[in-house]
Amino acid sequence: MRHVLRLTAIGYLLTLLVVPVAVVVYRALEPGPAEVWASVTTPAAISAFWLTLIVTAIAVPLNAIFGVLTALVIERSRSRGRRLLDVILDLPFAVSPVVIGLALVLVYGRDGWLGWLPVQVLFSLPAIVLATVFVSIPFVAREVAPVLREIGDDAEQAAATLGANRWQTFRRITLPAIRWGLATGVVLSTARALGEFGAVSVVSGKVAGDTMTLTLLVEQRFQNFDLAGAYAASALLAVIAVAVLLLMTLMQRRAEA
Amino acid sequence: MSAATVAAPAKARPARTRGPGLSLGFGVSTLWLGLIVLLPLAAVVVRSLDASFWTVVTSRQAVSSLVFTLWISIAVAAINAVMGTLLAWVLVRDRFPGRRLVDLLIDLPFALPTIVAGLTLVAVYPDVRFTKWAVLLALLFVTLPFVVRAVQPVLLALDRDVEEAAASLGARPRTTFRRVILPALMPAILSGAALAFARAVGEFGSVVLISGNIPFETQVASVYVFKRLESDDPAGAAAIAVVLLGISVLVLLVLRLIQTWGRR
């Protein structure tokens, strides 16, 4: 019985996950290192890589700051609205990325609610950042909140009693306690930001060399029958994903220690 | 990871916490979430009223894509409930070389961009492309971690004394599993399955390459929304999106109920 269960579990993982990913990485490397290098260093690929990095570099710090703040409010505030905040925070996990993209089009598009803004939002960097922040907004708060609940607020109270102001209490007491939760949230948020496709594909406009992110590049190459190119870009994203996985495991181990 | 922590409602805390100082924080984070999340979603709801909502939502193609999405998401949730529990069981109770690697791999679908997930399945299973099986496969790929990561911690924390007591009273392993272990795992299995369901209903990236988007056949609701928007019908897209949004909110409510039930 035990062996049947084990084999079923491993077989399921192999057919669904491991073999497909391994095959793509293999196919990506098949043409040889020079070809692969050429394919991931075309001007379009480099521009997509940079855009993805810039979007992530803007979205993740925003998520970190507001995530910690939201977690603090949910766990420490007495206001009645915090339960509502808690519910709203789950929405980005449950709503379809396409609906998120559509929502941004309806707000920032031609005749949208904020369409009158003087800056071009839709089909340019701001919209891509907004979409990315939307989809990855819950990660930090959802990792930090349980830690805050677990540690309680005794130490924070003691610090306040001893005359520490709010910022000192946060920096010296709260922040060190939540650091691994925060780090895990940042890693998850980064992975999602680098890999977001649906919401970004609706709002980006997909202009090669300008508003094309790495994931959009994969789709475009696939649709233009540039399979080798699509595999190469995918392999690059897969390598990043594996690095994220390793980091996350490492951090969870540190948090438990 | 996130699967287990999503929607964990706040526990009642002692009254002495320093509340008033956080009212500014409350204002700022409400404003932030309101601006980023609520305002756009509100725009979808308002815009859907522009279109004759019922005409769009009850059009044959919309109904067909919504029905297909719901059925396949139910199937995905059910398969995940079984396979996810099995995977969690093997990871917690079985010992074999490579177990930690398997544990690590479970999270891969969360870390891998969805478009890459779709591409890998196209590369390995070209024959299923443009069929309903392809959609099922893609959805199973991206939802794999939810049930595993929800059940695993519960299984780890489970008191084995009860199982041993059941066994010593003559219960066969199957009976012990059905009467002792399964009831304890049920809230976790259900909330994992609900998360997988919600994800499957809205999934786009992994499906878009592999489904072929054949109307009345493999067209899922999210891709239909995308097509409507592409053919310059934002109001129609918004109408379908509102239905999807309604399902999301419903699932979130069910999740809260399951968690309240699980704590009793």
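1. Secondary structure of chain A. Chain A has 12 helices and 0 strands; here helices (H or I, at least four residues) and strands (E, at least two) are DSSP runs, numbered from the N terminus. Read from the N terminus on, the elements run α-α-α-α-α-α-α-α-α-α-α-α.

2. Basis of the model. The model is predicted: local features need pLDDT of at least 70, side-chain atom pairs count only at pLDDT 80 or more, and totals for chains, interfaces and linings use all residues. Residues are numbered from 1 along each chain as its sequence is written, while chains are lettered from A and ligands numbered from 1 in the order in which they are written.

3. Extent and burial. The C-alpha trace of chain A spans about 65 × 65 × 35 Å along its principal axes. Of its 257 residues, 52% count as buried. A residue is buried if 20 or more other C-beta atoms lie within 10 Å of its own, exposed if 12 or fewer, and partly exposed in between, with C-beta atoms placed from the backbone. Among contacts between residues at least 6 apart in sequence, 76% join residues at least 24 apart; two residues are in contact if their C-beta atoms, placed from the backbone, lie within 7 Å.

4. Domains. Chain A is assigned domain 1 (1-30) and domain 2 (32-256), with bounds that come from an automatic or database domain assignment. The C-alpha centres of the two domains of chain A lie 29 Å apart. Their contact takes 6 residues from domain 1 and 6 residues from domain 2. On the domain 1 side there are 5 nonpolar, no polar and 1 charged residues. Ala, Val, Leu, Ile, Met, Phe, Trp, Tyr, Cys and Pro count as nonpolar, Asp, Glu, Lys and Arg as charged, and the others, Gly among them, as polar.

5. Helices H3 and H4. Helix H3 (residues 43-76) of chain A packs against helix H4 (residues 82-94) of chain A at an angle of about 135°, with the axes 9 Å apart. That angle makes H3(A) oblique to H4(A). Axes are lines fitted to C-alpha atoms, for helices over the stretch in contact, and angles run from 0 to 180 degrees between N-to-C directions. Angles under 35 degrees count as roughly parallel, over 145 as roughly antiparallel, 65 to 115 as roughly perpendicular and the rest as oblique. The contact involves Thr70(A), Val73(A) and Ile74(A) of H3(A), and Arg82(A), Leu85(A), Asp86(A) and Leu89(A) of H4(A).

6. Helices H7 and H9. Helix H7 (residues 138-151) of chain A and helix H9 (residues 166-195) of chain A pack at about 165°, with their axes 7 Å apart. H7(A) is therefore roughly antiparallel to H9(A). Residues in this contact include Phe139(A) and Val140(A) of H7(A), and Ala177(A) and Ile178(A) of H9(A). By class, the contact has 11 nonpolar, 4 polar and 2 charged residues.

7. Ala191(A). This residue lies in helix H9 of chain A. Ala191(A) is buried because 25 other C-beta atoms lie within 10 Å. Not counting residues up to four places away in sequence, Ala191(A) touches Ala241(A), Val244(A) and Ala111(B). Ala191(A) and Val244(A) are 53 residues apart in sequence, and 6.7 Å apart in space, C-alpha to C-alpha.

8. Chains A and B. In the interface, 76 residues of chain B are in contact with 84 residues of chain A. Helix H2 (residues 23-48) of chain B gives the largest share of the chain B side, 17 residues. That side has 56 nonpolar, 15 polar and 5 charged residues.
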